[in-house]
Amino acid sequence: MRGDGITLEALFGSVRSYREALRRMRAERVLNGLPARLRKDIGWPDSNRYSGAD
């Protein structure tokens with residue numbers, strides 16, 4: 001049954017990728033919520049550096 005639609009491997013791969021993206025977004029949200037001093041101490045990039053603002 002090749003070519004008859006999406007395979008289970010492709011479906012599970014997509015679900016896995018989606019869950020990993022959600023995990024990364026949650027981690028970013030938590031880290032961005034920390035005080036600036038703590039973000040600097042752990043080496044988290046500040047938002048101004050990547051937003052184009054100088």
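Mentor: Arg19, Arg23, Arg24, Arg26 and Arg29 come together on the surface as a patch of positive charge. Keep in mind that the model is predicted. Take Arg19 as the example from this group. Arg19 sits in helix α1, which covers residues 8-32. Its relative accessible area is 52%, and exposed means over 50%, so Arg19 counts as exposed.

Within the protein chain, α1 has the highest confidence, with a mean of 94, while helix α3 (residues 47-51) has the lowest, with a mean of 55. For the protein chain, the mean pLDDT is 82, and 78% of the residues reach 70 or more.

Charge is one part of the surface; there is also a nonpolar patch. Ile6, Leu8, Leu11, Phe12 and Val15 make this patch, which has an area of about 500 Å². One of these residues, Leu8, is placed in helix α1. Leu8 has a relative accessibility of 58%, over the 50% cut-off, and therefore is exposed too.

The chain has 3 helices and 0 strands, and the order of elements from the N terminus is α-α-α. Of the 54 residues in the chain, 2% are buried, where buried means under 20% relative accessible area. The accessible surface of the chain is about 5300 Å², and carbon and sulfur atoms account for 55% of that surface.

Technical notes
Residues numbered from 1 in each chain as written. Predicted model: local features only at pLDDT ≥ 70, side-chain atom pairs only at ≥ 80, totals over all residues. Heavy atoms only, no water. Patch = residues over 30% accessible without salt bridge, like charges linked within 9 Å, V, L, I, M, F, W, Y side chains within 5 Å. Areas by Shrake-Rupley, 256 points an atom, 1.4 Å probe, with all protein chains shown as cover. Salt bridge = Lys/Arg side-chain N within 4 Å of Asp/Glu carboxyl O. Lys, Arg positive; Asp, Glu negative; His and termini not counted. Charge placed at Lys NZ, Arg CZ, Asp CG, Glu CD. Helix = DSSP H or I, 4+ residues; strand = E, 2+ residues; numbered from the N terminus. Buried < 20%, exposed > 50% of the residue type's maximum accessible area, 1.4 Å probe, protein only. pLDDT = per-residue confidence, 0-100.
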